[in-house]
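Here is a short report on one protein chain. Look at the sequence and the structure first, then read on.

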Amino acid sequence: ATDTELRGTVRRLAGCPLGQRALREQACGYSHNKFNMLLEPRLDNIVYPITQKATDWMHCFYVHGVWNTVLYIVLMALVASGVAAAAAQDLHDFVLLWTLPGRLGGERAGRSLAEPFSKARWTAAKKAKYIKCQASTALSLCAIVCYWLLTVFHRAGVCCIEIDCYVHVCDIIDLIQSIPHGRVTADDIDAAVDKLLSKALEAHWHRFIGPKWHWMVHFGDQLRRFAHKIRALLSCWTHERKHKVIKRFGELHRSTCSMEEGILADVTLQHLYDMESVDKFDKSPRLLKPMTACSTLVAHRLRAIAGIPNGMPIYAARRARCNEFEVCHVRDVVLYWGHAGGLVFGQVWFFFQYGMHPAMALIACWPTVSREPSYGSATVQMDEIDIITTPVSDIVRALTYKRRKDGKANVLVPSIYRAQI
């Protein structure tokens, strides 16, 4: 359909006799609403319902979406295979082993991250026939669950087709998140969606394929139409985070007479206050909320390691913006550009700055033991011998990792960096 055809359909529905409207709505697949913008002639040159249409990939995958359904099917397949009778509990315990980047909660996030696979939540999921959790939790779980399925079951030949479907879902999500980096094309998205749909049909999942599966087919076309303007696919992550602000002010209101107006005023004032921040839109590498180094011992060691002159004040911070995409915290495991020119792993110990020098990071280098691109991971040695300083702008990404008892760690690596490590 074209913009003109859809606009004509809406206006014909508005003029349709009331007794015939329900059947007419069913025939054209559109419901009448007297407040529909397409009924306003003054908006004909502003609102283009087909040309401007874009679906939200967050709701497509994570709000009773493709990811929730596919993971539920995979877990049920593992249970039915007899290999993992308590698949959800096993996954719950596995997720607890992982540490997220500090901006996502760090070590404290493990318990809430594993909650969707607790006994009570798994019972609710089986009743609903999809995994129930917040979209942000699902996004953090995506790669961890993929690693578990590939390393434990897929390489043992268990439920390979079902796991392949889940891997293809993760590939699409990874590609969509990589679009702002300029390394993903619309053809890449189309190819990944085709792989998922083909594998889903091979698994005989016809009855599970709903409307949100169809949304994915249009993501490649949306990227072709809008990439030159926004360099991303539209999503509602920012809008969903605003719900927290509304809930915060809503808890303070006790009178329902003016509740709507009061909350709207509070949220608007908070938004205006936040916008007044000098560095609100500053994406340059820098320390966030820097303070004077509090310990004489720390300052002495920094002067020795970085060659900082005596008497020059040193400013420290627990967080730093590394680039337009990433904010890192102390204790994060990161991927950064090493002095030899390649991407290497390390753990951030400190962020500091002195004089007119750029913001720096003190990093413990973790040598790479092995690379597992098929699992989307690498194994590194947790080492505290080689300590280096590097500009925070050299840090590319904070990573999710799992410590092992043998002094090594498994690190999950996004697809756009796997060929460079």
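## A glutamate and its contacts

Start with E326. Leaving aside neighbours within four places in sequence, E326 is in contact with R103, A320, R321, V396, R397 and A398. Contact means heavy atoms within 4.5 Å. E326 sits in the loop between β5 (319-321) and β6 (327-329). Helices (H or I, at least four residues) and strands (E, at least two) are DSSP runs, numbered from the N terminus.

Is E326 buried or exposed? E326 counts as buried because its relative accessibility is 3%. Buried means under 20% relative accessible area, exposed over 50%, and partly exposed in between (1.4 Å probe, protein chains only). The side chain of E326 makes a polar contact of 3.2 Å with the side chain of R103. It also reaches the backbone nitrogen of A398, at 3.2 Å. A polar contact is a pair of N or O atoms within 3.5 Å; within protein, one must be able to donate a hydrogen and the other to accept it, and residues adjacent in sequence count only if both atoms are side-chain atoms.

## About the model

This is a predicted model: local features need pLDDT of at least 70, side-chain atom pairs count only at pLDDT 80 or more, and totals for chains, interfaces and linings use all residues. Residues are numbered from 1 along each chain as its sequence is written, and side-chain values use heavy atoms, with hydrogens and water left out.

## The whole chain

The protein chain holds 15 helices and 15 strands. Its C-alpha trace spans about 85 × 55 × 45 Å along the principal axes. Of the 421 residues, 44% are buried. Residues 24 or more positions apart account for 65% of them.

## Strand β7 and its partners

Strand β7 (residues 333-337) is mostly covered, with 4 of its 5 residues buried. Which strands does β7 pair with? One is strand β8 (residues 343-354), antiparallel, over 5 bridges. Another is strand β13 (residues 395-399), also antiparallel, over 4 bridges. Two strands pair if DSSP finds at least two bridges between them. Strands of a sheet pair through backbone hydrogen bonds, either parallel or antiparallel.

Two bridges can be traced by residue. W337 has L343 in β8 as its bridge partner. V333 has L399 in β13. The hairpin of β7 and β8 has 5 residues between the strands. There, G341 takes a positive phi near 105°.

## An open sheet and a helix

An open sheet has 5 strands in the order β1-β14-β15-β11-β10, with antiparallel pairing. Its edge strands are β1 (98-99) and β10 (368-372), and each pairs on one side only. Within this sheet, 5 bridges join strand β11 (residues 377-381) to strand β15 (residues 408-412). These two strands run antiparallel. S377 has L412 in β15 as its bridge partner.

Helix α8 (residues 135-153) lies across β1, β11 and β15. It runs at about 120° to β15. Axes are lines fitted to C-alpha atoms, for helices over the stretch in contact, and angles run from 0 to 180 degrees between N-to-C directions.

## Aromatic rings

Rings of Phe, Tyr and Trp (its six-membered ring) pair if their centres lie within 6.5 Å; planes under 30 degrees apart count as stacked, over 60 as edge-to-face and the rest as tilted. By this rule there are 12 aromatic pairs. One of them joins F61 and F219: it is tilted, at 6.2 Å centre to centre, with 35° between the planes. The pair links distant parts of the chain, with F61 in helix α3 (residues 57-62) and F219 in helix α12 (residues 219-230), 158 residues apart. Both F61 and F219 are buried.

Ring pairs also link W57, Y62, W67 and W237 into a cluster. Elsewhere, R248 lies over the face of F249, at 4.8 Å from the ring centre. A charge sits over a ring if NZ of Lys or CZ of Arg is within 6 Å of the ring centre and within 35 degrees of the ring normal.

## Two lysines with positive phi

K129 is not a glycine, yet its phi is positive, near 70°. K129 is in the loop between α7 (119-128) and α8. K129 counts as exposed because its relative accessibility is 53%.

K289 is not a glycine either, and has a positive phi of about 55°. K289 lies in the loop between β2 (286-288) and β3 (291-292). At 71% relative accessibility, K289 counts as exposed.
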